[in-house]
Amino acid sequence: SDLLLEIEEYEHLTSNNLESLEIKTNNLQNAIISFRIASGLTQKEFADKLEIQEQQIQRYEQNDYLTASFERIIQILKTLEVEVTLKK
């Protein structure tokens, strides 16, 4: 059942009908992977846009971006053209 949920989420992210994603602050790291998938970028293409090695993206995603600096997260979100709104 977990696999089916993951497949459904992947299909939703890649459907080109995605206008927004609502992410809870405690899940921002996982959301970055969803944003990359929704943008249609492979890890290699994403790394090229960020001008870093593909292996670094693989490491970030393996660790849910917990090892990425705040500056890198901002760069990633800008590269993905993600608008972030913080709410209280």
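Reader: Lys 44 first. Is it buried, exposed or partly exposed?

Author: Lys 44 is partly exposed, with a relative accessible area of 43%. Keep in mind that this is a predicted model.

Reader: And what does Lys 44 form a salt bridge with?

Author: Asp 48. The closest N and O atoms of that pair are 3.3 Å apart.

Reader: Are Glu 61 and Arg 36 buried or exposed?

Author: Buried, both of them. Glu 61 has a relative accessibility of 10%. The cut-off for buried is under 20%, so Glu 61 counts as buried.

Reader: What else does Glu 61 touch?

Author: Leaving aside neighbours within four places in sequence, Glu 61 is in contact with Ile 33, Arg 36 and Gln 43.

Reader: Now H4 itself. Which residues there are buried?

Author: Ile 57, Tyr 60 and Glu 61 are buried in H4. They cover an arc of only 95 degrees around the axis, so they are on the same side of H4.

Reader: What do they pack against?

Author: The buried residues of H4 pack against H2, H3 and helix H5, which spans 70–79.

Reader: What follows H4?

Author: Asp 64 follows H4, and its phi is positive, near 55 degrees.

Reader: Back to H3. How do H3 and H4 cross?

Author: Their axes come within 8 Å and cross at roughly 110 degrees. H3 and H4 are therefore roughly perpendicular to each other. The crossing is right-handed.

Reader: Which residues make the contact?

Author: From H3, Gln 43, Lys 44, Phe 46, Ala 47 and Leu 50. From H4, Glu 54, Ile 57, Gln 58 and Glu 61. Lys 44 is the salt-bridge partner of Asp 48, and Glu 61 is the partner of Arg 36.

Reader: And H3 with H5, at what angle do they pack?

Author: About 110 degrees, with the axes 10 Å apart. That makes H3 roughly perpendicular to H5. The H3 and H5 crossing is right-handed.

Reader: Which side chains meet there?

Author: Phe 46, Lys 49 and Leu 50 in H3 meet Arg 72, Gln 75, Ile 76 and Thr 79 in H5.

Reader: Last topic: the loop between H2 and H3. What about Leu 41?

Author: Leu 41 lies in that loop. At 15% relative accessibility, Leu 41 counts as buried.

Reader: What is Leu 41 in contact with?

Author: Setting aside neighbours within four places in sequence, Leu 41 is in contact with Arg 36, Phe 46, Lys 49 and Leu 80.

Reader: How many residues apart are Leu 41 and Leu 80?

Author: They are 39 residues apart in sequence. In space, the two are 9.2 Å apart, C-alpha to C-alpha.

Technical notes
Residues numbered from 1 in each chain as written. Predicted model: local features only at pLDDT ≥ 70, side-chain atom pairs only at ≥ 80, totals over all residues. Heavy atoms only, no water. Buried < 20%, exposed > 50% of the residue type's maximum accessible area, 1.4 Å probe, protein only. Contact = heavy atoms within 4.5 Å. Salt bridge = Lys/Arg side-chain N within 4 Å of Asp/Glu carboxyl O. Helix = DSSP H or I, 4+ residues; strand = E, 2+ residues; numbered from the N terminus. Arc of directions from axis to C-beta. Axes fitted to C-alpha atoms, helices over the stretch in contact; angles between N-to-C directions. Parallel < 35°, antiparallel > 145°, perpendicular 65-115°, else oblique. Left-handed = near helix turned anticlockwise from the far one by under 90°.
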